[in-house]
Amino acid sequence: MKKLNYPFSPEAVRELKVGDMVLITGKLFTGRDAVHKYIHDGNKPPVDLKNQIIYHCGPVTMKDKNGKWTVTAAGPTTSIREEPYQWEVIRDYGIVGVIGKGGMGQKTLDACKEHGCVYFHAIGGAAQVLAEKIKSVDGLYLEEFGLPEAIWELSVEEFPVVVTMDAHGNSLHKEVEASSKEILKTVM
Amino acid sequence: MTKKVAAKKVAKKVSPKKLDSKQQTIESLIELIRITSTVVPNDVFKTIEAAAKNEVKNTTADYAMGIIKQNIDLAKYKSQPLCQDTGTVIFYIYHPPGFHQTPFKELIKKSVTLATKKGYLRQNSVNSLTGENAGTNLGEGHPSIHFYEHKSKEVEVKLVLKGGGCENVSAQYSLPDTGLSAGRDLDGVRKVIIDAIHKAQGKGCGPGALGVCIGGDRADSAYYAKKQLLRKLDDKNPHKDLAALEKDIVETCNKLGIGPMGFGGKTTLLSCKATHANRVPASFFVSISYMCWAFRRQGVVLNKNFAIKKWLY
């Protein structure tokens with residue numbers, strides 16, 4: 001088990017490789033379809049994403065009577081929908097990590113290698129285990145996109161993920177797809 | 001297995017005596033939604049536990065299965081949704097002759113709205129034309145409600161919550177399929193099912209469970225495939241050929257090495273349940289409904305006061 005602690009950096013994530021099980025402690029920013037489209041359309045993100053991690057997640061959030069937010073369910077959403085945009089966000093705003101599920105494609109993999117970024121796979125469906133790792137909600141941006149689509153600034157402790165695309169051009173998704181295809185030929 | 005204990009304990013709290021039958025029905029349905037959203041059925045839990053034991057220790061597959069098991073425990077303990085995507089809400093109601101469907105439908109809608117307010121369901125139903133989310137989980141075609149008349153005097157309500165990730169990797173094939181060399185026979189059926197699992201990789205939040213229908217028109221085929229998800233994972237298909245196909249699909253797909261979340265590993269599929277429906281000579285559809293590991297299915301028998309008498313899974 002490896003650990004990645006805040007502040008993050010391209011150097012630190014370049015140490016990680018495909019298959020590493022990692023516990024992340026520090027800051028995450030959620031961002032999914034609407035946020036990526038917004039940045040792609042030429043808008044500047046409302047937070048400085050330099051050396052930060054983006055989490056593809058539409059959390060279930062509740063506001064208590066004092067106006068304090070808590071996250072009650074926070075599993076990853078399917079990442080491939082951000083494939084057209086992710087490489088630009090990595091290039092232009094310097095993010096060093098993307099958390100999601102299902103993996104991403106070649107453009108993102110190339111951007112990870114060029115700029116020093118990794119793709120972390122969280123366990124799909126594990127909304128309760130992952131919400132437990134969120135220790136505080138520190139900010140809410142672009143609320144007008146609706147709560148699941150907004151940017152949530154979260155503090156997490158030992159958030160469990162697996163590196164499935166590293167900064168050296170390796171992708172577990174590509175490997176498993178290829179190896180299972182070989183087996184597929186023999187069982188058909 | 002503490003699930004049933006928890007469910008029964010809560011069910012007992014519901015007192016049928018002083019409530020009118022409408023109020024009682026709503027309470028029973030909310031409780032059904034709560035348990036379905038937060039607790040996996042016993043048969044699914046057993047299968048996941050066996051799959052978890054089977055993975056090689058200290059691999060990413062083992063790690064994923066460990067977190068899945070933790071999540072199952074935590075969701076039950078906190079009575080919060082297993083997954084934030086609480087899915088399409090699908091009711092199957094079996095009732096005696098003379099039962100009034102329309103008022104029951106209205107009570108289901110009320111219960112779904114209330115269960116959403118309580119956080120057992122996410123605000124998850126979107127108007128496909130306008131993109132509007134009313135926040136109630138009600139709208140054109142949602143929730144999905146199916147009624148069936150049966151001989152018993154009791155009302156049975158079954159519920160499936162079907163998330164979007166696994167619905168997106170579900171598939172329908174038309175035989176013959178030239179690219180896969182899949183003909184109009186059971187071997188062709190087998191090929192397209194295995195192809196669907198290969199295409200899905202880890203994207204449906206595997207290890208998954210399949211419902212399959214061989215034949216039918218496009219609509220019925222998809223409907224019957226999904227309805228197979230009501231079967232317990234440890235049951236046995238009375239039809240010899242279908243039983244053999246189900247076993248073969250699970251064993252073969254687990255050789256592909258896709259594994260939990262597509263990380264690579266031993267368990268790609270937890271189960272496969274298949275049925276068949278007649279087709280016209282010109283068509284041969286095979287429909288595959290993929291369910292994620294967070295297999296949310298539950299059911300209740302209601303007593304004459306509409307309180308929960310018995311849990312079905």
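Analyst: Before we start: contact means heavy atoms within 4.5 Å. This is a predicted model, where local features need pLDDT of at least 70 and side-chain atom pairs count only at pLDDT 80 or more, while totals for chains, interfaces and linings use all residues. Residues are numbered from 1 along each chain as its sequence is written, chains are lettered from A and ligands numbered from 1 in the order written, and side-chain values use heavy atoms, with hydrogens and water left out.

User: What makes chain B a partner of chain A, and how many residues are in contact?

Analyst: By that contact rule, 38 residues of chain B meet 36 residues of chain A. The two chains bury about 3200 Å², 67% of it on carbon and sulfur atoms; buried area is the accessible area (1.4 Å probe) that two parts lose on being put together, summed over both. On the chain B side, Tyr63(B), Gln84(B) and Phe263(B) lose the most area, together 21% of what that side buries.

User: Why is the pair Lys78(B) and Glu132(A) called a salt bridge?

Analyst: The term needs a side-chain nitrogen of Lys or Arg within 4 Å of a carboxyl oxygen of Asp or Glu. For Lys78(B) and Glu132(A), the closest N and O atoms are 2.8 Å apart, so the pair qualifies. The count between chains B and A is one salt bridge.

User: Which element of chain B gives the largest share of the side touching chain A?

Analyst: Helix 4 (60-78) and helix 7 (186-200) of chain B each supply at least two residues there, helices being DSSP runs (H or I, at least four residues). Helix 4 of chain B has the largest share, 10 residues.

User: OK, now inside chain B. What are its domains, and how far apart are their C-alpha centres?

Analyst: Domain 1 covers 3-40 + 81-163 + 296-311 and domain 2 covers 165-291, with bounds from an automatic or database domain assignment. Their C-alpha centres lie 27 Å apart. Contact between them takes 13 residues from domain 1 of chain B and 15 from domain 2 of chain B.
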